[in-house]
Amino acid sequence: MNKQILLEKRPEGLPEKDTWKMVSTPISEPKDGEVLIRHHYISLDPAMRGWMMDRKSYVPPVEIGEVMRAGAIGNVIKSNNHPQFKEGDCIVSWGGVQEYETTNGENCYKVDATIAPMPKYLGALGMPGMTAYFGILKVGKIKEGDIVLISGAAGAVGSLVGQIAKIKGCTVIGIAGGKQKCDYMRNELGFDEAIDYKSEDINEALHDKCPKGVDVYFDNVGGEILNAALAKLRLNARVVICGAISQYNNKKEIEGPSNYLSLLVNRATMQGMVVLDYAEDYEMAAMEMGMWMMQGKLKSREDIYEGIENFYDTFLRLFSGDKKGKLILKVI
Ligand SMILES: NC(=O)c1ccc[n+]([C@@H]2O[C@H](COP(=O)([O-])OP(=O)(O)OC[C@H]3O[C@@H](n4cnc5c(N)ncnc54)[C@H](OP(=O)(O)O)[C@@H]3O)[C@@H](O)[C@H]2O)c1
């Protein structure tokens, strides 16, 4: 049997337990040209909150009754004449929150789990890693000497953004919630400064820790922190809009940042990015990220929880911040 998490209703605000339901269905046999994959790890991402909303976005919403969309990694346990994948292959897919998946292989790719453990392919070598790489290099267009400010900076994407910026010779200031995360950014990731937005006044902290302003602001959280960061832009600054997690569970309309005229004054740009647009270049980026990891220049950590029945409680950690690094659910 295949345990699956289905979307039961569209949430308003923070999802509740009955937003999803768990069912057990017979595992579907692969048809000609298909494979059956046993998932080992499921990626839990803030974007999943957006995919539950019935509104225009960069991908269609998850329909009510559908398996909750999520990235996954696992092994092929049966191939029915699949042209590329054979039994034993390790596959990254959009297989969703379920233990098994039967697929024709669309949007799936093979990875080598002997080079890096599976969870890394959902983290630094997967979607968050690609987001950090293309977001800071292609959209943030960092160059040596830039001052780079990052929100959500101890998380899966932000921690990598900051380290890539350090590799490229930038000064890095990270914003995250709590002393532990600030210590982690300063002592383990090598960031120059850290701001604890939960205990510090964000405007005062930016005044103290970014006295010269910022050339690049990489935004993962939106809201008040975005607004405060806009006030610190330097001439020709770039603002990368990667995400806005502080707004995802809003019940009211999102309000725009009142400091937006800083873009005009500073001839700055603010650009949204979606990682899927860079899919053609993932392989090249993953090789470079892998190289930096082998050289000890790039660290990543995964926070892994067990059991598909713990999906709901684990998912909420994205919004409470009660996790360290990339959030992953081990299912089998
Ligand atoms: N555009 C794209 O293609 C793309 C791709 C991947 C991810 N993203 C976006 O990138 C952002 C980070 O994703 P991730 O996977 O790296 O997640 P993550 O940082 O690993 O986890 C989310 C973190 O957000 C912080 N957070 C939660 N609520 C917050 C609030 N109200 N205010 C400030 N911070 C809050 C928490 O950290 P603290 O303890 O520090 O509060 C939490 O640990 C998200 O907005 C996501 O949607 C975008």
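In this predicted model, the shell around the ligand comprises 16 nonpolar, seven polar and two charged residues. In total, 25 residues surround the ligand, and Val157, Lys181, Tyr197, Tyr248 and Lys323 are the closest. Helices H2, H3 and H9 (311-320) each contribute at least two residues to this shell.

A polar backbone atom of Val157 is placed 2.7 Å from a ligand oxygen, and a polar backbone atom of Ala244 is 3.5 Å from an oxygen atom of the ligand. For Lys323, a polar side-chain atom lies 2.7 Å from a ligand oxygen. Of the 910 Å² of accessible area that the ligand has on its own, the protein covers 91%.

The largest nonpolar core contains 48 residues, among which Ile73, Phe134, Ile136, Val148, Ile164, Met185 and Met289 touch the most other members. Two or more residues of this core come from each of strands E5 (90-93), E8 (147-150), E9 (171-176) and E11 (214-219), and from each of helices H2 (127-139), H3 (156-167), H4 (179-188) and H8 (282-294). The greatest contribution is that of H2, with six residues.

Beyond four places in sequence, Ile164 touches Ala132, Tyr133, Ile136, Leu137, Ile142, Met289, Trp292 and Leu298.

Notes:
Residues are numbered from 1 along each chain as its sequence is written. This is a predicted model: local features need pLDDT of at least 70, side-chain atom pairs count only at pLDDT 80 or more; totals for chains, interfaces and linings use all residues. Side-chain values use heavy atoms; hydrogens and water are left out. A nonpolar core is a set of buried Ala, Val, Leu, Ile, Met, Phe, Trp, Tyr and Cys residues joined through side-chain atoms within 4.5 Å. Buried means under 20% relative accessible area, exposed over 50%, partly exposed in between (1.4 Å probe, protein chains only). Helices (H or I, at least four residues) and strands (E, at least two) are DSSP runs, numbered from the N terminus. Contact means heavy atoms within 4.5 Å. A residue is near a molecule or strand if one of its heavy atoms lies within 4 Å of it. A polar contact is a pair of N or O atoms within 3.5 Å; within protein, one must be able to donate a hydrogen and the other to accept it, and residues adjacent in sequence count only if both atoms are side-chain atoms. Accessible areas come from the Shrake-Rupley method with a 1.4 Å probe; for residues, only the protein chains shown count as cover. Ala, Val, Leu, Ile, Met, Phe, Trp, Tyr, Cys and Pro count as nonpolar, Asp, Glu, Lys and Arg as charged, and the others, Gly among them, as polar.
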